Amino acid sequence: MKVMSTHELRESFLQFFQSKGHKRLPSASLVPHGDPSLLLTGAGMVPFKPYFLGKETPPAKRITTCQRCLRTADIENVGQTDRHGTFFEMLGNFSFGDYFKKEAIRWAWEFSTEYLGLPPDLIWATIYLDDDEAMQIWHEDIGVPLDRIVRLGREDNFWEIGVGPCGPCSELYLDRGLEYGCGGTDCKPGCDCERYLEFWNLVFIQFHQDEAGNLTPLEQKGIDTGMGLDRTAAILQGVDSIFDTDGVRPVIDEIRQLAGVEYGKGGQDDVAIRVIADHTRSVAFLILDGVLPSNEGRGYVLRRLLRRAVRYGRLLGIKDSFLPQVSTKVIEAMQGAYPELVEAQDYILKVIGLEEERFRDTLEQGLKILQDLVVELTASNQTCLSGKHAFRLYDTYGFPLELTIEILKESNMDVDRIGFTEMMEEQRQRARAAREQTGYLDDNAGVYVELHKKYVTEFVGYGQLEAETEILAILVDGEVVEQATRGQGVEIIVAHTPFYAASGGQVADVGTITGPHGAIEVTDVLSPASDLVVHRGQVTSGHMEAGDVVLATVYQRNREGAACHHTATHLLHKALKQVIGEHVNQAGSLVEPDRLRFDFTHFSGLTREELDRVEKLVNDAIRANASVDTELMSYAEAEATGAIALFDEKYRDLVRVVNIEGYSKELCGGTHVGRTGELGLFKIVNETAVAAGVRRIEALTGKAAVKHVANQEAMVREVCELLQVPPTGLLDRVERLLQEQRELNRELERLKGRLAGAQSEELLQEAMEIGGIPVLAAGVEGLDAAALRTLGDQLRNKLGSGVILLGSVTEGKVLFVSMVTPDIVAKGVKAGDIIKVAAKATGGGGGGRADMAQAGGRDPEKLQLALELARGSIKEQLAVV
């Protein structure tokens, strides 16, 4: 058996398959491109799903990669076993309609035994239950004895990732020896013990699985293999677990030193250290690939992993922030294979640090609440936390449900998952609606796939807005038809088109398609597969027939507006990097004819000065009237020129580079102006937060910017006329008005204080005794929260000893304040308990300390009922005493 470092193993695998005619490609992002059916890249074949589906043409029939992957299905096993991790790298070789089972099995055996030096007599093979073809190859061609070939069922040996390609698989296991086993007489691959270590999975892609689980044979069979890099490295390096390989052990040692504990003796400390090491690797790569912490989708996976790592750090006794330091070690360990980690290091560490601090702010409080809930459940002989309480921990204190479940499990308790799910349903419905709007292949997926086999559309719209072309196909309600008549909604495919399909944030062109028999108003354009463009619209006159020669015309105003705003996003991107730092990256965009929206990575709102500097830089570039040139080149050439590529985009070998002379260079397929001077003017109209670490700028250029400035000037003129001042005196006049308003407000507060003093004498007459304690529960008119507190303070001082609850109706809402003097608090009466009763009666909520609490309600008509119920609450509290 050869000894190899993780890096040497990675290179040996890729070079081996290059020698077998495979094209080597870099790892794709953890964010699957254009595939909302998958949350994350969980296997090496995910980036190639469109090739297996026939939607796109692969750059080669044979491909090999080392793909970074992330799965959380086995998260409970991470740290508990030697082989489980959420983050892993998968070495893979792929065939798209080229070789199949015989070659895949033969090369796997050759690489394992001859290049890695694994003992042939210790390698076992598993196959799917009825895959006799694989059985024959392993036994007759390779020579593996029948007693080392194990048939397993669908759960183990049928590979699937939800909707998409799938098929039976064959796995290679290494027998590590009896000392790792369970001692069972039937111990073999498929057993849960640590003796047999799976290190390579060969998937034979034969079917496509739909949402209902139906299997359809694929026209071209494929091969998808995956060798776990860390698992195989552990074998070659002679260590027991993936956490002891040269790629992970430096991270383990860093955590051990930070915690001041020993590692390698088993127990919970080892588990905690392994979990932190694994989760930090996952978090670093998720952020590298553009994911940011949130409460939905991929962001939720990131947040869950990061917060789980923080909690395990706490179990190790680490009280201060530590994940940025651990992440630095992750980057050091992985930078050889992923130099982009170093380029993004500051950004990655900043996001991790901010999220860790944010969680630490609420962790202590949330843990205390959960601990109190556990005590309450124990006292009442219950073992299930309500969904309501679990949701509160999630919503208020940032506890992922899984973290709550994990903590409760330590006390042999569980969570009402159904109740939690019900409270999350509205949020999940929004998420589902968003996914439906960006469906993988649209409702007509199957039709598009079939049409793509027959037709391609050439896009000619970069240089012209009109083209004579031929109708290749017409769809009505998802069905291919020969003709469509007036009033029908249609989808049209033509031979070549000037219409830009929505892509890269730029909206689709609109316009008309006119023929010898009728016309269509085009309202949307999409590209469901490469080189296939679908024009959606309605027949507005006559009828359209397949085969007609037609004139496709794009509305010039819309195209020019979109082009101006698209060029402006490139200038804006560059200006942001100049003003606030190179860590700025595009995180999303919307380019429309009349506006642009640009999302970018940054951690705080921009100051007015920063926004002014950004705006000035863009306008300087516009006045420079720089040329905007485009060029087609290979992706490698584009990278070499310094062109910016978006992290979550997938590019072909041949890419389009948009070069704004002297300013920016980006990979982009959108439409642009010829010179920056055509933009005329650039104006930022808004800057807001989108998510943690993501900001958004909305801006205008061209005619839209000019119109906006004109509207602003008109507004200023109207204000000047109202205040009877010239524009030059407007600011001074507004400042004087604001000062006068502040003085009037102060006078109003003084008057309210006097009124409260007068009211306090009258209110004291309404005080009653409950259990020998003075209690005043009364309603007052029109006081806001501050005045209500002032009145409460006066009454408490005059009362000396007792309980006060005041309610006031202002602006259609109810406000409450409750105060309890210290001697009465000592008897068990709490202002917070009193006010909860009152607020609940009026449809509101609130709380506070034992001596003072505030709350609000939505139903003013129930104020008197609330006061009466509060008196009853005071009686109950005193009765307990």
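A: In this predicted model, Arg231 is in contact with Arg83, Leu197, Glu198 and Ile242, once its neighbours within four places in sequence are set aside. The residue itself belongs to helix H6, which spans residues 229–237. One of these contacts can be described at the level of atoms: a polar atom of the Arg231 side chain lies 3.4 Å from the backbone oxygen of Arg83.

The description now turns to a pair of helices. Two packed helices are described by the angle between their axes and the distance between the axes. For helix H10 (residues 323–334) and helix H12 (residues 345–379), the angle is about 150° and the axes are 9 Å apart. Since angles over 145 degrees count as roughly antiparallel, H10 and H12 are to be classed in that way. The crossing of H10 past H12 is right-handed. On the H10 side, the contact is formed by Leu323, Pro324, Ser327, Thr328 and Ile331, while H12 contributes Gln345, Leu349, Ile352, Gly353 and Glu356. By residue class, this contact between H10 and H12 comprises five nonpolar, four polar and one charged residue.

Strand pairing is the remaining topic. Strand E22 (residues 586–592) and strand E23 (residues 595–601) form a hairpin, with two residues between them. Their pairing is antiparallel and extends over six bridges. Glu592 has Arg595 of E23 opposite it.

An open sheet is built from three strands in the order E24-E25-E26, again with antiparallel pairing. Strand E24 (628–634) and strand E26 (664–667) each have a single partner strand and stand at the edges, so that one side of each lacks a neighbour in the sheet. On average, neighbouring strands of this sheet are turned by 25° against each other, direction ignored. E24 and strand E25 (residues 654–660) run antiparallel and are joined by seven bridges. Within this pairing, Glu631 has Val657 of E25 as its bridge partner. In general, the side chains of a regular strand alternate between the two faces of the sheet.

Note on methods. Residues are numbered from 1 along each chain as its sequence is written. This is a predicted model: local features need pLDDT of at least 70, side-chain atom pairs count only at pLDDT 80 or more; totals for chains, interfaces and linings use all residues. Side-chain values use heavy atoms; hydrogens and water are left out. Two strands pair if DSSP finds at least two bridges between them. Helices (H or I, at least four residues) and strands (E, at least two) are DSSP runs, numbered from the N terminus. Axes are lines fitted to C-alpha atoms, for helices over the stretch in contact, and angles run from 0 to 180 degrees between N-to-C directions. A polar contact is a pair of N or O atoms within 3.5 Å; within protein, one must be able to donate a hydrogen and the other to accept it, and residues adjacent in sequence count only if both atoms are side-chain atoms. Contact means heavy atoms within 4.5 Å. Angles under 35 degrees count as roughly parallel, over 145 as roughly antiparallel, 65 to 115 as roughly perpendicular and the rest as oblique. A crossing is left-handed if the near helix is turned anticlockwise from the far one by less than a right angle, and right-handed if clockwise. Ala, Val, Leu, Ile, Met, Phe, Trp, Tyr, Cys and Pro count as nonpolar, Asp, Glu, Lys and Arg as charged, and the others, Gly among them, as polar.
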